[in-house]
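Here is a briefing on one protein model.

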Amino acid sequence: AIFMDTYSIENGPNSEYGDGYKFPEEANIKPIAELQEFLGSLGISKDMTVVVYANDDITMMTAGRTAWALLLAGVDDVRILNGNYAAWVAYGGEIETKPNILAPVQFGDDPGNPRYLATKDDVLAVANGTNTSAVIADDRSREEYIGDSNSYYQYFSELGRIKTARWIGDWYELARPDYQSLRTYTEIEQNWINSGFTKGEQMYFYCGTGWRSGLYTFTAYLMGWTAANYDGGWFEWSYYDNPRETGEPE
């Protein structure tokens with residue numbers, strides 16, 4: 001395994017959480033060309049199979065956002081180690097402590113996969129009714145969705161949801177009780193269908209700053225659903241005073 005600081009795929013400037021982001025743009029993923037340059041500096045090329053795992057308090061969220069970023073950059077074969085580091089240890093897999101360094105590589109002129117990233121304008125077109133062929137899927141907690149809570153974020157205080165957004169369920173809905181692995185795709189897919197979503201429609205996932213929605217977008221990719229991550233999330237949407245709603249939807 002090689003090491004990658006999760007925050008290093010973002011615009012920054014900090015590589016640690018610290019006091020949080022000052023502006024929404026700091027929390028956003030790097031532009032594709034810059035993302036490819038960074039991944040290439042780690043020795044990751046587009047034609048590799050890349051298996052992502054994490055080992056922290058938000059393991060699936062961390063692994064999911066990273067896997068989505070690799071997919072966005074154009075890496076051909078991206079996977080998450082289901083169960084993450086805990087599963088590897090339980091399996092009895094070999095463990096080492098020395099760092100591994102790969103030789104830098106180049107992506108060349110590859111355009112990546114921009115279809116997996118939704119912009120504020122993309123989402124605004126749905127919220128305003130200009131685009132009726134896509135749906136906005138809110139994957140935050142129900143309290144965040146109706147505007148009763150902002151429990152995940154200390155660096156912004158706006159409450160509510162994006163106009164017309166529909167709730168697909170908290171991100172814990174994707175994970176097994178240990179929060180280290182995904183449920184089966186049949187369970188997840190049925191949950192989405194029960195929530196009123198359809199496999200054939202374009203979905204724009206969002207959360208607060210693109211972490212939970214990165215996991216949702218990558219999961220949709222695995223299941224063959226058409227989806228993109230609105231990486232700016234509620235932080236960017238509320239920061240620029242876009243149309244919003246609160247309370248239980250009618």
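The model is predicted: local features need pLDDT of at least 70, side-chain atom pairs count only at pLDDT 80 or more, and totals for chains, interfaces and linings use all residues. Residues are numbered from 1 along each chain as its sequence is written, and side-chain values use heavy atoms, without hydrogens and water.

**H2 and H3**
- Helix H2 spans residues 32–41 and packs on H3 at about 110°, with the axes 9 Å apart.
- Axes are lines fitted to C-alpha atoms, for helices over the stretch in contact, and angles run from 0 to 180 degrees between N-to-C directions.
- Helices (H or I, at least four residues) and strands (E, at least two) are DSSP runs, numbered from the N terminus.
- From H2, Ile 32, Leu 35, Gln 36 and Leu 39 meet Ala 69, Leu 70, Leu 72 and Ala 73 of H3 (contact means heavy atoms within 4.5 Å).
- This contact of H2 with H3 has seven nonpolar residues, one polar and no charged.
- Ala, Val, Leu, Ile, Met, Phe, Trp, Tyr, Cys and Pro count as nonpolar, Asp, Glu, Lys and Arg as charged, and the others, Gly among them, as polar.

**H7 and H8**
- The axes of helix H7 (residues 185–194) and H8 come within 11 Å and cross at roughly 110°.
- H7 is therefore roughly perpendicular to H8.
- Tyr 185, Ile 188, Glu 189 and Trp 192 in H7 meet Tyr 216, Thr 219, Ala 220 and Met 223 in H8.
- By class, the contact of H7 with H8 holds six nonpolar, one polar and one charged residues.

**Sheet**
- Five strands make an open sheet with parallel pairing, ordered S3-S8-S7-S4-S6 (strands pair if DSSP finds at least two bridges between them).
- Strand S3 (117–118) and strand S6 (166–167) are the edge strands, each pairing on one side only.
- S3 runs parallel to strand S8 (residues 227–230), joined by two bridges.
- Ala 118 has Tyr 230 in S8 as its bridge partner.
- Helix H8 (residues 211–223) packs on the sheet, touching strand S7 (202–206) and S8, and its direction makes about 170° with that of S8.

Technical notes:
Parallel < 35°, antiparallel > 145°, perpendicular 65-115°, else oblique.
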